[in-house]
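Hi there,

Here's the structure I promised to pass on. Have a look at it first, and then read on for what turned up.

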Amino acid sequence: MTTGCAAGSGAVVQSAGPNDLLKLCEGPGLGHAIIIGLPDGTRLTRRSCLTNDGKVWCRISLADRPSVSGYVSAAYLAPR
């Protein structure tokens, strides 16, 4: 597990941009299918994190819809 990515910890999407969405992917990397886009402020629950091609990816689920899960870049997450 990557430091700062404690399983079960809360996170929020931050700095995806005012006109952009953070991509929730099926796997850890941009080569995987995109499930949905997440706007800034979306509340998430971290499940685990790993490093792929030098970037940290976190497996997350939506805080208000736990059945929706996938991977996002840790660079766009802030603690909540």
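A quick definition to start: a residue counts as buried when its relative accessible area is under 20%, as exposed when that value is over 50%, and as partly exposed in between. Keep in mind, too, that this is a predicted model.

So how does that work out for Ser61, buried or exposed? Its relative accessible area is 2%, which is under 20%, so Ser61 is buried. You'll find Ser61 in strand β5. Setting aside residues up to four places away in sequence, Ser61 touches Leu44, Thr45, Arg47, Pro66, Val68 and Ser69. With one of these, Arg47, Ser61 also makes a polar contact, side chain to side chain, at 2.8 Å.

Now try another serine. Ser9 sits in the segment before β1, a strand that covers residues 10–13. Its relative accessible area is 22%, so Ser9 falls in the partly exposed class. Which residues does Ser9 contact, if you leave out its neighbours within four places in sequence? They are Leu44, Thr45 and Arg46.

The largest pocket holds about 320 Å³ of space. It is lined by 15 residues, and Leu22, Leu30, Trp57, Ser73 and Tyr76 are the ones nearest its centre. Two elements, β2 (22–25) and β5 (55–62), each give two or more residues to that lining. Which element gives the most? That's β2, with three residues. Sorted by class, the lining has eight nonpolar, three polar and four charged residues.

Last, a word on confidence. The mean pLDDT of the protein is 89, and 90% of its residues reach 70 or more. Among the elements, strand β6 (residues 69–73) has the highest mean pLDDT, 97, while strand β7 (residues 77–79) has the lowest, 91.

Cheers

Conventions. Residues numbered from 1 in each chain as written. Predicted model: local features only at pLDDT ≥ 70, side-chain atom pairs only at ≥ 80, totals over all residues. Heavy atoms only, no water. 1 Å grid on protein atoms, 1.4 Å probe; cavity = no way out; pocket = protein on both sides within 12 Å on 5 of 7 lines; lining within 4 Å. Points joined across faces, edges and corners; volume = space filled by probe spheres on them. Helix = DSSP H or I, 4+ residues; strand = E, 2+ residues; numbered from the N terminus. Nonpolar A, V, L, I, M, F, W, Y, C, P; charged D, E, K, R; others polar. pLDDT = per-residue confidence, 0-100. Buried < 20%, exposed > 50% of the residue type's maximum accessible area, 1.4 Å probe, protein only. Polar contact = N/O pair within 3.5 Å; in protein donor to acceptor, adjacent residues only side chain to side chain. Contact = heavy atoms within 4.5 Å.
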